[in-house]
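Here's a quick briefing to read alongside the sequence and the 3D view.

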Amino acid sequence: MIAPGLRFCSDGFPEADFLNRDFSYPGLFDPIRPMKTVLTTGASGLLGRAILRALAPHTDWQVRGTGFSRAAPPLDRLNLRDRTAVTAYIKTLRPDVIIHSAAERRPEVSEKDPTATEDLNVAVTRDLARLAAGLNAWMIYLSTDYVFDGAKPPYRPDDPTHPLNTYGRSKRDGELAMRDVLRDGAILRVPILYGEVERLGESAVTIIAESMLQGRKPLTLDDWAVRYPTLTDDMAVVCRQMVEHRFSNPGFAGTFHWSGNEPMTKYGMAMRMAPLLGYDPACLRANPAPGGGPPRPRNARLDCAILEALGMGQRTPFAEAIVPILRPHQR
Ligand SMILES: NC(=O)c1ccc[n+]([C@@H]2O[C@H](COP(=O)([O-])OP(=O)(O)OC[C@H]3O[C@@H](n4cnc5c(N)ncnc54)[C@H](OP(=O)(O)O)[C@@H]3O)[C@@H](O)[C@H]2O)c1
């Protein structure tokens, strides 16, 4: 079947403009409609790796990912701060969706180098959103619960933001930057993440296990800030569901939250992990006061009602999810 309005260039390929239009016919397979391309930035990172795993079964999508210092095939190596390279890459790939997961997400590093953080988390986001807008592509911007101050949880997506540290401000400014140039994009805020790690220090959850495996006794941990550790594989399923939903509902856009629903402090996480690591829980000490470092929200619980109402989401219990994550790192 030839779609109405199809025009061909002299090289025999459909006109570029045609490639951007949606000629979906419910219930019909259109053999000339190009395959959707879904690009994930930060695909070498903690969350990006899980997103690629979640998208992989979609053999009807071209799934691509970029990394930087850790990029190895099949990922494309792309320095997102190199504007010329990014423009050339996006204009060549012409993605239908960009899941923008790359970021500087370590609050201490952001505090020390606010300029580089601002460039990656804000300016790069604005550039990607502009490119997406030019291609009529959709974009999901991964953001954080640190856009809130943690004083009045739970937070709905439209609650006022009030970040307490440089990292949180940069992610909030990244949200605004995307919104500025791509009004129908999606912001997806997530809390502390854990999942399959290359090394235990890679996530703020498994780094606690590293301290226990190093035999640090006693081990004093924050018992002040309430966190909602969220499995990257669960988060990645939400990203996939959002893309699927957008393909069948072109108006789907806005700000969304997803989070695990088990509140715990870092001390609480350690208490749950200790038996798995053969660490004596009696050697764990709870610190009831805010720890050092950049200020952080006490409880930035995210209200996930919107995505829940759409039937999206997956929540794997912490006690179940953490076992296979720690296993490869146990001595
Ligand atoms: N992890 C959490 O607990 C958490 C909590 C809330 C929100 N988030 C948000 O979730 C998203 C994913 O976080 P994550 O934990 O997966 O981060 P991550 O593990 O630190 O990964 C960061 C990714 O960004 C890439 N990157 C850094 N600088 C780059 C550059 N100049 N050019 C291209 N790529 C660059 C890295 O590539 P290389 O490593 O290959 O250099 C890596 O793939 C972020 O937007 C973050 O703000 C994370």
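Helix H2, residues 46-55, is mostly covered, with nine of its ten residues buried. Helices (H or I, at least four residues) and strands (E, at least two) are DSSP runs here, numbered from the N terminus. A residue is buried if 20 or more other C-beta atoms lie within 10 Å of its own, exposed if 12 or fewer, and partly exposed in between, with C-beta atoms placed from the backbone. This is a predicted model, so a word on cut-offs: local features need pLDDT of at least 70, side-chain atom pairs count only at pLDDT 80 or more, and totals for chains, interfaces and linings use all residues. Residues are numbered from 1 along each chain as its sequence is written.

**Helix H2 and its cover**

- The buried residues of H2 are Leu 46, Leu 47, Gly 48, Arg 49, Ala 50, Ile 51, Leu 52, Ala 54 and Leu 55.
- What sits over them? The cover includes strands S1 (36-41), S2 (61-67), S4 (97-100), S5 (138-144) and S7 (193-194), plus helix H8 (232-248).
- Contact here means that the C-beta atoms of two residues, placed from the backbone, lie within 7 Å.
- H2 lies across S1, S2, S4 and S5, and runs at about 165 degrees to S2.
- H8 also packs on the sheet, where it touches S1, S4, S5 and strand S6 (186-190), and its direction makes about 150 degrees with that of S5.
- For these angles, axes are lines fitted to C-alpha atoms (for helices, over the stretch in contact), and values run from 0 to 180 degrees between N-to-C directions.

**The sheet**

- Seven strands make an open sheet in the order S3-S2-S1-S4-S5-S6-S10, with parallel pairing.
- S3 (76-77) and S10 (254-257) stand at the edges with a single partner strand each, so one side of each has no neighbour in the sheet.
- Two strands count as paired if DSSP finds at least two bridges between them.
- S1 and S4 pair in parallel over four bridges, and Thr 40 has Ile 99 in S4 as its bridge partner.
- S4 and S5 also run parallel, joined by four bridges, and here Ile 99 has Ile 140 in S5 as its bridge partner.
- Two bridges join S2 to S3, again in parallel, with Gly 67 partnered by Arg 77 in S3.
- In a regular strand, side chains alternate between the two faces of the sheet.
- In S4, Val 97 and Ile 99 point one way while Ile 98 and His 100 point the other, and all are buried.

**The core**

- Nonpolar side chains tend to be buried together in soluble globular proteins.
- The largest nonpolar core has 76 residues, and those with the most contacts inside it are Ile 51, Met 139, Ile 140, Met 235 and Cys 239.
- A nonpolar core is a set of buried Ala, Val, Leu, Ile, Met, Phe, Trp, Tyr and Cys residues joined through C-beta atoms within 7 Å.
- Which residues does Ile 140 contact, leaving aside neighbours within four places in sequence? They are Ile 99, His 100, Ala 186, Leu 188, Cys 239 and Met 242.

**Around the ligand**

- Of the 28 residues around the ligand, Gly 42, Gly 45, Phe 68, Ala 102 and Ala 103 come nearest.
- A residue is near a molecule if its C-beta atom, placed from the backbone, lies within 6 Å of it.
- H2 and S5 are the elements that give two or more residues to this shell, and H2 supplies the largest share, three residues.
- The shell divides into 15 nonpolar, nine polar and four charged residues.
- Ala, Val, Leu, Ile, Met, Phe, Trp, Tyr, Cys and Pro count as nonpolar, Asp, Glu, Lys and Arg as charged, and the others, Gly among them, as polar.

- Pro 73 and Pro 74 are joined by a cis peptide bond with omega about 10 degrees, and Pro 74 lies in the loop between S2 and S3.
- A cis peptide bond also joins Pro 153 and Pro 154, with omega about -5 degrees.
- Arg 94 isn't a glycine, yet its phi is positive, about 50 degrees.
- Arg 94 counts as partly exposed because it has 16 C-beta neighbours inside 10 Å.
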